[in-house]
Structures are given as C-alpha cells and as structure tokens.
Amino acid sequence: MNPVSHEHCRCSVEIQNLTVKKHGSVILQDINLSVHHAQILALIGRNGAGKSTLLKALLGRIPCEGTVLYRDHEGKVISNPHIGYVPQHLSFDRSAPVTVCDLLCAGLQRRPVWLRPKKAMREKAAAMLHTVGARDFLLSQRLGNLSGGELQRVLLAFALEPMPDLLLLDEPVSAMDRPGIRQFYELVTSLREEYHMPVILVSHDLSHVQKYASRVALLDQTILLEGETEEVLCSEEVRETFGLPAGLFREKGGEA
C-alpha cells in the first residue's frame, strides 16, 4: 500500500453530550468521547449497555441529541464527514447470485447490480480488495460462498471507499477463526497507522481489546470510565462489570 500525504489524514472525532431517547426512556446519556488520529478506541460494556446504539447514532440511523465534530489535521471542522462501517453480521439471501464485484461496484456507481460493471469499475473494485490484502479471484465469488473472514474483508474494503473520517467496527470478528481474527486486527491496525483514521471498535473480547486498542471506554448508558487500555482493563469497574478476578490483566503482563 502506498502512503498518503499528511493532507489526507483524518485526524479527530469529538462526541459531545450525545443523548439518545426512545419512547420517553433514556438509552444513552451525555456521551462525551474524543478519538484522535491513528487511535483505536474500544467500547466495552455489558449486553444492553448501548454500544451498538452509539454506533447507530453516529451513523445517523437513529435520532440523537448532542454534537459530533470531525476535524482535519489542521483542526478545521469537516462539514460532510464520511463514516465507514463494518457490522457484526450482514443479513442477505445467501442463495442470491450477487458477487463481490457486484457489491463493491454498486458502491462506486449508480448502476443496478444486475448490469455488468464497466472495466474501470472492476479495476477499481480489485484495487479496493488489494487495500485489505485480498486477491482478485474474490471478485467473481458469490457473497453467499464466502467464509466469515473473506466476507469481513470485503465489508472492510467497502467501508474504506472513500477513505473514511471515522471507521466503526461492531464486533467485526465474531464469525472468524483465530488466524482470521489476528489477520483482521493486524490489517485494521496497519490501515489506521497508514491513513491516520480514528477507529471505534465494539468488542466483547477483552483480550482483543488489550492487544489492539489504543484507549478503552466502559459504557453503561453513559461513560463510566475512559482512558489508557491497561488502566481501564485493570479497573475495579471493569472487574465488576465482567465478573473478572482481581489482577487478571496485570498477571498477563500485557499479552492477549
């Protein structure tokens, strides 16, 4: 992958007093977080704490109150930010004859997927796969025939075009085996270092959080704790939330 110039770096996201209400109930209350360039912020918390709700609010899929600011490397506000998103699961008819090329090209042009993409679009789709370390042969593969790891790489390629001002990952490795998980996270780490994009990762696996996250936020309707990865994972709040024995992460000496 070729490095991009400093002028193209995506630098920071500031979430200020974000609140989500539904049917009179408060789902998220006064969320305040900042994610800077080349950081991976892991969101952790119990089931139902509001992690996926926060991602949906950032994507504009549910109404919310508060402010979300995107700033470039000079501190100027980005008025129309692009947000990349990799979901935990992609719901689709696995028997449908939709190929990887169809999916990627559909995001590049306003042509129906059943119309054969032009050569230039196929070449662009291949370049998108190359960005995530995938080979051209995947272009002709049906989505329903992909392994969990292959599908997540394709979804990551889709999320990175155009290069996002913020990348959201919602439990992205739940369908992968151990080698696939390692490859996926190493890929994300290399991409955020190269393109300096901020990343918000939702994960239930604290070993992955410990190994790959720059910072961690413990969420339960509001931010209970936020800070450096080791500091948060070794906290009493995290031990109580997940029922962990005292000293678990200290004993590992930083290993996953």
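**Close-up views of a predicted model**

**View 1. Thr99 sits in a loop between a strand and a helix.** The loop holding Thr99 runs between β5 (83-86) and α2 (100-106); helices (H or I, at least four residues) and strands (E, at least two) are DSSP runs, numbered from the N terminus. Please keep in mind that this is a predicted model, where local features need pLDDT of at least 70 and side-chain atom pairs count only at pLDDT 80 or more, while totals for chains, interfaces and linings use all residues. Residues are numbered from 1 along each chain as its sequence is written, and side-chain values use heavy atoms, with hydrogens and water left out. Thr99 counts as buried because its relative accessibility is 16% (buried is under 20% relative accessible area, exposed over 50%, partly exposed in between; 1.4 Å probe, protein chains only). Beyond its neighbours within four places in sequence, Thr99 is in contact (heavy atoms within 4.5 Å) with Leu139, Ser140, Gln141, Arg142 and Leu143.

**View 2. Helices α4 and α5 cross at roughly 15°.** The axes of α4 (residues 148-159) and α5 (residues 178-195) come within 11 Å; these axes are lines fitted to C-alpha atoms, for helices over the stretch in contact, with angles from 0 to 180 degrees between N-to-C directions. So α4 is roughly parallel to α5 (angles under 35 degrees; over 145 is roughly antiparallel, 65 to 115 roughly perpendicular and the rest oblique). From α4, Gln152, Arg153 and Leu156 meet Gln183, Phe184, Leu187, Val188 and Leu191 of α5. By class, this contact has 5 nonpolar, 2 polar and 1 charged residues (Ala, Val, Leu, Ile, Met, Phe, Trp, Tyr, Cys and Pro are nonpolar, Asp, Glu, Lys and Arg charged, and the others, Gly among them, polar).

**View 3. Leu129 and Leu156 touch the most other members of the largest nonpolar core.** This core has 40 residues, a nonpolar core being a set of buried Ala, Val, Leu, Ile, Met, Phe, Trp, Tyr and Cys residues joined through side-chain atoms within 4.5 Å. At least two residues each come from α2, α3 (119-131), α4, β6 (166-170), α5 and β7 (199-202), and α5 gives the largest share, 7 residues. Not counting residues up to four places away in sequence, Leu156 touches Val86, Val132, Leu167, Phe184, Leu187, Val188 and Leu191. Another core, of 22 residues, lies apart from this one and includes Ile15, Leu18, Ile31 and Ile83.
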